[in-house]
Amino acid sequence: MERMVKLYTRQNEKTLKQLERDGRIINHRIYVQMHLGDIAPLFMESYDWFTKEAAKRLQKPADVHAPIWCSISKENCLKPIPGTVVYVLEVPESQIIYFDDVKWDYVLNRIYLPDDEEDAAAYKEHLKEIGVQNGFEFFVGRYKGMYPEEVAKIRESWKRAFRIDNWTIFNVCGNIWEIKKEWVKKIVHPGEEIPE
């Protein structure tokens with residue numbers, strides 16, 4: 001029998017209706033945009049990249065447009081606040097896409113994700129050699145469109161976000177494509193404690 005993994009995710013309370021009506025919760029791109037608000041235009045490219053890459057690792061249902069972010073521990077899960085609930089889930093391990101949340105910041109900031117400290121130093125030297133002071137500006141800013149090979153190199157480096165080098169409850173997240181009703185073990189409302 002497949003190993004079940006406990007995951008925790010805070011979602012808008014409106015998802016309760018979707019779960020009741022459809023027997024599952026799925027994410028749409030517009031939900032991600034609404035959640036991000038004013039900063040959505042800056043980050044949607046990164047979220048779209050993540051969705052595409054995650055789908056290479058675990059087949060995405062056709063009606064799903066974005067993964068559902070989950071914590072692997074109650075300690076690192078966002079607590080329920082008004083308008084939200086936390087779902088405590090037990091998910092088959094084969095349905096989870098693990099990634100390193102610390103490395104995800106490189107993707108969000110659209111910068112090179114080094115393989116290790118030696119690679120980080122080599123990349124810093126490389127930037128100096130090509131006369132670039134700031135690696136943040138290949139996607140937006142003064143270097144946009146000038147270095148397509150650098151953009152390709154940066155995008156390729158982001159795949160390392162799916163490699164877990166240091167497994168802790170604070171840096172590892174587990175994304176899923178959907179929340180099935182049978183995976184929901186508890187729904188935690190604001191003011192309630194998240195159980196183990």
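**Figure 1. Glu 178 and Arg 24 join their side chains in a salt bridge, 2.6 Å from N to O.** This is a view of a predicted model. The pair links distant parts of the chain. Glu 178 sits in strand β6, residues 178-180. Glu 178 has a relative accessibility of 12%, so it counts as buried. Glu 178 also meets the side chain of Lys 180 in a salt bridge, here with 3.9 Å between N and O. Lys 180 is partly exposed, at 28% relative accessibility.

**Figure 2. Glu 93 and Arg 3 form a salt bridge with an N to O distance of 3.0 Å.** Glu 93 lies in the loop between β3 (84-92) and β4 (97-100). Arg 3 belongs to the segment before β1. The contact therefore ties together parts that are 90 residues apart in sequence. Glu 93 is partly exposed, with 30% relative accessible area. Arg 3 is exposed, at 52%.

**Figure 3. Six side chains are linked in a network of salt bridges: Lys 103, Asp 115, Asp 119, Arg 160, Arg 163 and Asp 165.** Across the protein, the salt bridge count comes to 18.

**Figure 4. The model contains zero disulfides.** A disulfide is a covalent bond between the sulfur atoms of two cysteines. The cut-off used here is 2.5 Å between sulfur atoms. What keeps Cys 77 from a bond? Its closest cysteine sulfur, in Cys 70, is 8.6 Å away, which is too far. Cys 77 is buried, with a relative accessible area of 6%. Cys 173 is in no disulfide either. For Cys 173, the nearest cysteine sulfur is again that of Cys 70, at 8.6 Å. Cys 173 counts as buried, at 8% relative accessibility.

**Figure 5. The largest pocket holds about 1100 Å³ of space.** It is lined by 35 residues. Those closest to the pocket centre are Arg 10, Gln 11, Asn 12, His 35 and Trp 69. Several elements give two or more residues to the lining. The strands on this list are β1 (4-12), β2 (24-26) and β5 (172-175). The helices are α1 (15-22) and α2.

**Figure 6. One cavity of 30 Å³ or more is present in the structure.** Rolling a probe the size of a water molecule over the atoms shows where empty space is left. The largest cavity has about 40 Å³ of space. Its lining includes Arg 29, Val 32, Met 44, Tyr 47 and Asp 48. Thr 51, His 65, Ala 66 and Pro 67 also line the largest cavity. Which helix gives the largest share of the lining? Helix α3 does, with four residues. Both α2 and α3 (40-57) supply at least two lining residues.

**Figure 7. Ile 30, Tyr 31 and Met 34 make up a nonpolar patch on the surface.** Together the three residues have about 330 Å² of accessible area. Ile 30 belongs to helix α2, residues 29-36. At 46% relative accessibility, Ile 30 counts as partly exposed.

**Figure 8. Lys 124 is found in helix α5, residues 117-129.** Is Lys 124 buried or exposed? Its relative accessibility is 63%, so Lys 124 counts as exposed. The C-alpha atom of Lys 124 is 9.9 Å from that of Pro 114. The two residues are 10 residues apart along the chain.

**Figure 9. The protein has six helices and seven strands.** Along the sequence, the elements follow the pattern β-α-β-α-α-β-β-α-α-α-β-β-β. The C-alpha atoms fill a box of roughly 55 × 35 × 35 Å, taken along the principal axes. The protein has 196 residues, and buried residues make up 44% of them.

Note on methods. Residues are numbered from 1 along each chain as its sequence is written. This is a predicted model: local features need pLDDT of at least 70, side-chain atom pairs count only at pLDDT 80 or more; totals for chains, interfaces and linings use all residues. Side-chain values use heavy atoms; hydrogens and water are left out. Buried means under 20% relative accessible area, exposed over 50%, partly exposed in between (1.4 Å probe, protein chains only). Patches are made of residues with over 30% relative accessible area and no salt bridge: like charges are joined within 9 Å, nonpolar side chains (Val, Leu, Ile, Met, Phe, Trp, Tyr) within 5 Å. Accessible areas come from the Shrake-Rupley method with a 1.4 Å probe; for residues, only the protein chains shown count as cover. A salt bridge is a side-chain nitrogen of Lys or Arg within 4 Å of a carboxyl oxygen of Asp or Glu. On a 1 Å grid over the protein atoms alone, a cavity is a set of points where a 1.4 Å probe fits but cannot get out, and a pocket is an open set with protein on both sides within 12 Å along at least five of seven lines; lining residues have an atom within 4 Å of a point. Grid points are joined across faces, edges and corners, and a volume is the space filled by probe spheres set on the points.
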